[in-house]
Amino acid sequence: MSQKLVKFTVKGKVQRVGFRFHTAHTALKLDLTGYARNQADGSVEVLACGEEDKVKALEEWLNTGPQLARVDSVERVETQWQELSDFKMY
């Protein structure tokens, strides 16, 4: 299985609803590394690093997010592979 590193930008009602916490929990269950970080424009940036099918599973989850969130869009940009050691929230 090929390794992927993908940066997602999630827009909608995604701050102050536990989005980063639930994203980190989901990513760790999928054995992914990376981060979830709030952006000044109200979006959340997610970097996901791991097996291609697991990154795709996280992307599918990001399109819905946690119960209190409202996801309007998810932008996906594949990036050059780099080894990351954990999944963090900023």
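Contact here means heavy atoms within 4.5 Å. The model shown is predicted.

**View 1. Helix H2 and the elements it packs against.** Helix H2 spans residues 52-62, and its buried residues are Val55, Leu58, Glu59 and Leu62. Seen down the axis of H2, these buried residues fall within an arc of 105°, so they line one face of the helix. An α-helix has 3.6 residues a turn, so residues three or four places apart point the same way. The packing partners of the buried residues of H2 are strand S1 (3-13), helix H1 (19-29), strand S3 (44-51) and strand S4 (70-78).

**View 2. Strand S3 and its pairing with S1.** Seven of the eight residues of S3 are buried, and the strand is mostly covered. S1 and S3 run antiparallel and are joined by eight bridges. Val10 stands opposite Val44 of S3.

**View 3. The hairpin of S2 and S3.** Six bridges pair S2 with S3 in the antiparallel sense, and Ala36 stands opposite Val46 in S3. Five residues lie between the two strands of this hairpin; in the turn, Gly42 has a positive phi of about 95°.

View 4. Thr33 lies in strand S2 (residues 33-38). Its relative accessibility is 15%, and Thr33 therefore counts as buried, the cut-off being under 20%. Leaving aside residues up to four places away in sequence, Thr33 touches Leu47, Ala48, Cys49, Leu84, Ser85, Asp86 and Phe87.

**View 5. The annotated segment.** An unreviewed UniProt entry lists residues 5-90 as "domain: Acylphosphatase-like". Over residues 5-90 the chain is 26% helix and 41% strand, with the end C-alpha atoms 18 Å apart.

Terms used:
Residues are numbered from 1 along each chain as its sequence is written. This is a predicted model: local features need pLDDT of at least 70, side-chain atom pairs count only at pLDDT 80 or more; totals for chains, interfaces and linings use all residues. Side-chain values use heavy atoms; hydrogens and water are left out. UniProt positions are given in the numbering used here, feature names are shortened, and annotations may be inferred rather than shown by experiment. Helices (H or I, at least four residues) and strands (E, at least two) are DSSP runs, numbered from the N terminus. Buried means under 20% relative accessible area, exposed over 50%, partly exposed in between (1.4 Å probe, protein chains only). The arc is that of the directions from the helix axis to the C-beta atoms. Two strands pair if DSSP finds at least two bridges between them.
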